[in-house]
Amino acid sequence: TKPNSVICFPTGSTVLGLYNELIKNKVDFSKIIAFNIDEYLGLSKNNKQSYNYFLKKNLFNYVNIKKQNINLLDGSTKNIKKLCSDYEKKLKKHPIDIIILGIGVNGHIGFNEPGSKFTSKTRVVNLSKETIRSNSRFFKNIKEVPRKAITIGIATILSSKKIVLLASGKNKAKIIKKFIKGTITEKLPATALRKNKNVTIIIDKQANSLLD
Ligand code: GLP
């Protein structure tokens with residue numbers, strides 16, 4: 001309904017089904033402006049573990065998006081402060097229509113780890129032990145997982161007109177229960193979304209298995 005939407009895209013296994021559907025159904029990306037949510041600090045765009053690489057390999061290479069409309073965080077930056085403030089400026093110029101989110105096993109959204117302020121903006125973060133362990137499945141071994149990342153903030157996420165969070169699989173059941181039923185707290189970053197009326201949560205049966 002809005003061909004020139006600004007869309008913020010995540011990485012992770014959960015979203016792959018959605019990307020396959022967008023590709024299969026030949027959704028028109030000719031006017032879409034895309035941003036990504038997060039990136040490992042220290043990984044170059046061509047590194048196979050980078051989120052830049054992931055998004056190109058799983059989505060952008062197969063849709064008719066214009067190269068100049070793809071905005072990605074560069075993990076190999078030498079000037080982190082400038083990169084983060086430039087990204088926020090760009091997002092101000094192109095307010096996000098839809099952001100699609102996954103959720104980490106510790107409740108992170110993007111790479112906003114437990115303890116992230118609900119007022120946070122794009123910045124560098126230290127990854128938690130849980131995230132490093134969980135994401136090590138994509139690397140040769142746990143030592144290779146970067147310890148830091150760049151992520152848009154919780155406030156950046158909340159500024160989106162629509163927020164869609166996807167969760168699937170049994171390993172998300174515990175955190176989904178806490179996210180929906182627990183207290184709203186910066187200790188569980190996803191709970192920031194519960195204050196927002198523009199959020200849609202889509203979960204499969206397995207992720208839903210601990211909710212009654
Ligand atoms: C990563 C990303 C998140 C993503 C999450 C879930 O750590 N930084 O943006 O939402 O993991 O990933 P998955 O869908 O593979 O469970």
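**View 1. Aspartate 86 and lysine 82 within helix H3.** Both residues lie in helix H3, four residues apart, about one turn of the helix; helices are DSSP runs of H or I with at least four residues, strands are runs of E with at least two, and both are numbered from the N terminus. Aspartate 86 is partly exposed at 27% relative accessibility, as is lysine 82 at 45% (buried: under 20% relative accessible area; exposed: over 50%; partly exposed: in between; 1.4 Å probe, protein chains only). The model is predicted: local features need pLDDT of at least 70, side-chain atom pairs count only at pLDDT 80 or more, and totals for chains, interfaces and linings use all residues. Residues are numbered from 1 along each chain as its sequence is written, and side-chain values use heavy atoms, without hydrogens and water.

**View 2. The salt bridge between aspartate 97 and lysine 2.** The closest N and O atoms of this pair are 2.9 Å apart. Aspartate 97 lies in the loop between helix H3 (80-93) and strand S5 (98-101) and lysine 2 in the segment before S1, so the contact ties together parts 95 residues apart in sequence. Aspartate 97 is buried at 8% relative accessible area, whereas lysine 2 is partly exposed at 37%.

View 3. Alanine 34 stands opposite isoleucine 70 in S4.

Terms used: Pairing = 2+ DSSP bridges. Salt bridge = Lys/Arg side-chain N within 4 Å of Asp/Glu carboxyl O.
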